[in-house]
Number of protein chains: 2
Amino acid sequence: MGTLRVPDVVPSPTEDSKALRKAFQGWGTDEKAMIRILGQRNAKQRRKIRDTYQQLYNESLILRLESELSGDFRKAVILWTLDPPERDAKLANEILRKKKKNGVDHLQVIIEIACASSPNHLMAVRKAYCSLFDCSIEEDIASNVTPPLRKLLVGLVSSYRYDGEMVDANVAKLEAAKLRDAIENKQLDHDQLVWILGTRNMFQLKATFECYRQSFGILIDQDIESCGTGDLESILQMAVWCIDSPEKHFAKVVRASIEGLGTDEDSLTRAIVTRAEIDMMKIRGEYYNMNNTSLDNAVIGDTSGDYKDFLMTLLGAKL
Amino acid sequence: MGTLRVPDVVPSPTEDSKALRKAFQGWGTDEKAMIRILGQRNAKQRRKIRDTYQQLYNESLILRLESELSGDFRKAVILWTLDPPERDAKLANEILRKKKKNGVDHLQVIIEIACASSPNHLMAVRKAYCSLFDCSIEEDIASNVTPPLRKLLVGLVSSYRYDGEMVDANVAKLEAAKLRDAIENKQLDHDQLVWILGTRNMFQLKATFECYRQSFGILIDQDIESCGTGDLESILQMAVWCIDSPEKHFAKVVRASIEGLGTDEDSLTRAIVTRAEIDMMKIRGEYYNMNNTSLDNAVIGDTSGDYKDFLMTLLGAKL
């Protein structure tokens, strides 16, 4: 369940577009009005507002937001206003082409799209990627990521899993053993491993991971960790987390983004914007269980101004 | 270009449904009327007829066709009446689960879907497969096909290529060399090879194959043949043909289906039903070039009755 609050009576897309237009005009921008409108509409409603705004004013709402806003607030509002598949395609492209950060931490965006999204969403992201960037996401992964990581990422991102609960206990047992073999032999890009993680439905994989724990007395992610601390290990672990419990993964992302000196706003924004309509309630719960403190307070403590108000609105706070 | 002939003035879906209903009633079925209607409507129009028929008579048109018709004629009409993604999902499932034939010839259906379809069609087939059969096509490939063939098929079927003309001559040269390496070392399931064939757009791959010919003085499909006559070799060759020239591939399928004693109706039906709306004109041309005789005459010579009339209607003949 998400935390997004849509009012009981939603203004029409035309009313919302007019109110947005008004917020942009005059001296300065009325950020509060913008947050109240965009921050309280679901993806379908935002899509309609974008279309209506374009028709009414012959102007792209996204471009207008870009020129009116700035900083982390701007990034967050724009990501939120884009269609979810387009948004994820852009997030993926940004990290693949710009190679923004060192290490593989930034590749977690790809893992989240591949392993913590519905199969139909992943397909829609691949479509959006091709139309926006004139090549497939797999091609960009391959030009920017070296083997053996490439193989794992391409396998995961190409998946179209059965989107239902269909668990075969024998398969779970058999495939837990195959995963164990690959991990024991430190072959983390073994064909079988990539195939199992990239093909089986989420319920089946959860059953397989549970079987792994029962049969070998160790959690699969811990076992992967024992292979080493390289890039492949951390990415594979992340994939297991995203499959097994996306809410735990995102609670960790939020935590990591505010821990220590300074805040990683990009990660914080990504976690809240991409999950506010999906499972942010559960993420909030997991966050509390892990840290014995509330996610909302953490966000309030580490952000400020319109950026804070916007994130808090997505977290269900009343403005 | 296809051979399907849609009349200039198309009756409404309601008129078509009523005419079909009439054709089913009374003594015997009026096959000619059915052929005239269904055999001269494109996929969208057929979809509307199915929906309208269901609404008007509270009966599935597909089930009614199943009970009214028989033999190869029935198979052809039903495949044609299904939505193309649903049709291909069913064709794939039939050969994967029923293991109808020996050898790997039957796997050509999978190759055709993966390599001779548009990326969006392939995605739609994967979606249809999941909703019809409660598992992904990749899972069924894996349970029914052994490595190394499995790896190649899963790689091809998972692709979502950029659907446009974007050719990089350097990439073509580089990847022709990588393909050559894999083929020379008889590693036909090499990660690189599977990745290149399963990821690059069709225009890029054609350029790469041409580069292969120029650099190494041999066509890539002939070079694959020189590796041996096993299953992997034939499937890989077929993939190259479907990518390089689907019309040649399907001209060969039609030829093979009527050559020798007896006719392979399933293959003949598949080739005509799946390509009548896509590139049957080109297939007809290729067929003539290859065999110095006309495809239409071949079909007329090897089929009879309503089955013949139906196939010929899809080939643009007037009933």
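User: At roughly what angle do the axes of α5(A) and helix α17 (residues 265-275) of chain A cross?
Analyst: This is a predicted model, in which local features need pLDDT of at least 70, side-chain atom pairs count only at pLDDT 80 or more, and totals for chains, interfaces and linings use all residues; side-chain values use heavy atoms, without hydrogens and water. Residues are numbered from 1 along each chain as its sequence is written, and chains are lettered from A and ligands numbered from 1 in the order in which they are written. The axes (lines fitted to C-alpha atoms, for helices over the stretch in contact, with angles from 0 to 180 degrees between N-to-C directions) of α5(A) and α17(A) come within 10 Å. Their crossing angle is roughly 30 degrees.

User: Are α5(A) and α17(A) roughly parallel or roughly antiparallel to each other?
Analyst: Angles under 35 degrees count as roughly parallel, over 145 as roughly antiparallel, 65 to 115 as roughly perpendicular and the rest as oblique. The axes of α5(A) and α17(A) cross at roughly 30 degrees. The two helices are therefore roughly parallel.

User: How many residues of the contact of α5(A) with α17(A) are charged?
Analyst: Ala, Val, Leu, Ile, Met, Phe, Trp, Tyr, Cys and Pro count as nonpolar, Asp, Glu, Lys and Arg as charged, and the others, Gly among them, as polar. The contact of α5(A) with α17(A) contains 4 nonpolar residues and 1 polar residue. The number of charged residues there is 4.

User: How far apart are the axes of helix α2 (residues 31-38) of chain A and helix α5 (residues 71-81) of chain A?
Analyst: α2(A) and α5(A) pack at an angle of about 30 degrees, which makes α2(A) roughly parallel to α5(A). The separation of their axes is 11 Å.

User: Is the crossing of α2(A) and α5(A) left-handed or right-handed?
Analyst: In this contact, Glu31(A), Met34(A), Ile35(A) and Leu38(A) of α2(A) meet Phe73(A), Val77(A), Trp80(A) and Thr81(A) of α5(A). These residues divide into 6 nonpolar, 1 polar and 1 charged. The handedness of the crossing of α2(A) and α5(A) is left-handed.

User: How many residues of the contact of α7(A) with α15(A) are nonpolar?
Analyst: Helix α7 (residues 108-115) and helix α15 (residues 231-244) of chain A pack at about 35 degrees with axes 9 Å apart, and α7(A) passes α15(A) in a right-handed crossing. Gln108(A), Ile111(A), Glu112(A) and Cys115(A) of α7(A) touch Ile235(A), Met238(A), Ala239(A), Cys242(A) and Ile243(A) of α15(A). Besides 1 polar and 1 charged residue, the nonpolar count is 7.

User: In which loop of chain A is Pro148(A) found?
Analyst: Pro147(A) and Pro148(A) are joined by a cis peptide bond, with omega about 0 degrees. Pro148(A) belongs to the loop between α9 (137-144) and α10 (149-157).

Technical notes: Helix = DSSP H or I, 4+ residues; strand = E, 2+ residues; numbered from the N terminus. Left-handed = near helix turned anticlockwise from the far one by under 90°. Contact = heavy atoms within 4.5 Å.
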